[in-house]
Amino acid sequence: AQQDAEEYLTKFLDTLLEEHKIINNSLITDTFYHETESICICNNNHSGISTKTFMNTLQVTPLDSENDLQTLVTMYATDEEELGEYTCDVCNAKGKATKKTSITKTPVCLIILLKRYNNFMQKTSYPINITKENLIVQTKSGENQYNLCATVNHGGGTGSGHYWAHVKDAKNDWYTYNDSSV
């Protein structure tokens with residue numbers, strides 16, 4: 001699928017971290033990486049081992065109906081997934097469990113990837129209402145607010161296409177960058 005811009009950004013930021021042997025509490029991680037925590041809860045309500053992950057893009061998948069960015073981000077921040085066979089780390093009970101994922105730390109600059117292709121590499125055409133101001137991201141310790149400052153757009157299919165960007169300047173004026181035209 002066409003995610004070249006996101007893949008480039010991820011490789012660039014990861015290379016910076018690797019080259020400078022930086023993991024936590026750096027300008028790069030504080031600016032661009034959010035942290036999620038996943039924990040499995042068994043049918044007896046025991047919490048298993050939590051897993052923390054640092055990521056530089058918050059990847060949201062549009063629903064099969066009307067979407068707005070705030071709803072998609074809220075769903076990501078409070079995700080629950082039913083698991084099949086699971087053995088509890090605490091009580092050793094076997095059965096179904098629930099995996100809960102939450103955002104524990106947000107970055108200064110939040111990068112959101114709208115996943116527009118399904119598992120069959122078909123582009124979804126569901127409209128998304130983009131919140132330009134006051135996007136709220138709920139974390140375990142409170143909430144953070146973001147304002148949209150840029151988008152990177154792709155037109156075309158999975159094998160080819162064209163990118164352009166919309167960017168807001170310091171005066172809140174929006175510009176379209178499309179090859180040599182601004």
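Me: Where is N92 found?
Reply: N92 is in the loop between β5 (78-87) and β6 (94-105). Helices (H or I, at least four residues) and strands (E, at least two) are DSSP runs, numbered from the N terminus. This is a predicted model, in which local features need pLDDT of at least 70 and side-chain atom pairs count only at pLDDT 80 or more, while totals for chains, interfaces and linings use all residues. Residues are numbered from 1 along each chain as its sequence is written, and side-chain values use heavy atoms, with hydrogens and water left out.

Me: Is N92 buried or exposed?
Reply: N92 is exposed, at a relative accessible area of 56%. Buried means under 20% relative accessible area, exposed over 50%, and partly exposed in between (1.4 Å probe, protein chains only).

Me: What is phi of N92?
Reply: Phi of N92 is near 60°, which is positive in a residue other than glycine. N45 also has a positive phi, near 70°, and is not a glycine either.

Me: Where is N45, then?
Reply: N45 sits in the loop between β1 and β2. N45 counts as exposed, with 61% relative accessibility.

Me: And N44, where is that?
Reply: N44 is in the loop between β1 (34-42) and β2 (51-55). N44 is partly exposed, with a relative accessible area of 46%.

Me: What does N44 touch?
Reply: Leaving out residues up to four places away in sequence, N44 touches C91 and A93. Contact here means heavy atoms within 4.5 Å. N44 and V90 are 46 residues apart in sequence, and their C-alpha atoms are 9.7 Å apart in space.

Me: Switching topic. How many helices and strands are there in the protein?
Reply: The protein has three helices and 13 strands. Of its 182 residues, 31% count as buried.

Me: What about the accessible surface?
Reply: The accessible surface comes to about 11700 Å², and 50% of that belongs to carbon and sulfur atoms. Accessible areas come from the Shrake-Rupley method with a 1.4 Å probe, and for residues only the protein chains shown count as cover.

Me: What share of the contacts is between residues 24 or more positions apart?
Reply: Such pairs account for 51% of the contacts with a separation of 6 or more.

Me: Tell me about α1. How far does it reach?
Reply: Helix α1 (residues 4-19) has 16 residues and reaches 22 Å from its first C-alpha to its last, close to the 22 Å expected at 1.5 Å a residue. The expected span is 1.5 Å times one less than the number of residues in the helix.

Me: Which residues of α1 are buried?
Reply: E6, T10, L13 and L17 are buried in α1. They cover an arc of only 75° around the axis, so they are on the same side of α1. The arc is that of the directions from the helix axis to the C-beta atoms. Y8, K11, E18 and E19, on the other side of α1, are exposed.

Me: What do the buried ones pack against?
Reply: The buried residues of α1 pack against α2 (27-32), β3 (58-60) and β7 (112-114).

Me: What does T57 touch?
Reply: T57 touches E6, H34 and I111, not counting residues up to four places away in sequence. T57 is in the loop between β2 and β3, and at 4% relative accessibility T57 counts as buried.

Me: Now the largest nonpolar core. How many residues does it have?
Reply: It has 13 residues, and those with the most contacts inside it are L58, V60, V73, I103 and V137. A nonpolar core is a set of buried Ala, Val, Leu, Ile, Met, Phe, Trp, Tyr and Cys residues joined through side-chain atoms within 4.5 Å. The elements giving two or more residues to this core are β3, α3 (69-77) and β9 (135-139). The largest share, five residues, comes from α3.

Me: What does V73 touch?
Reply: V73 touches L58, V60, I112, L135, I136 and V137, again without residues up to four places away in sequence.

Me: Last one. How many disulfides?
Reply: A search of the whole structure finds zero, where a disulfide is a pair of cysteine sulfur atoms within 2.5 Å. For C40, the nearest cysteine sulfur is that of C88, 9.4 Å away. C40 counts as buried at 16% relative accessibility. For C109, the nearest cysteine sulfur is that of C149, 6.4 Å away. C109 counts as partly exposed at 35% relative accessibility.
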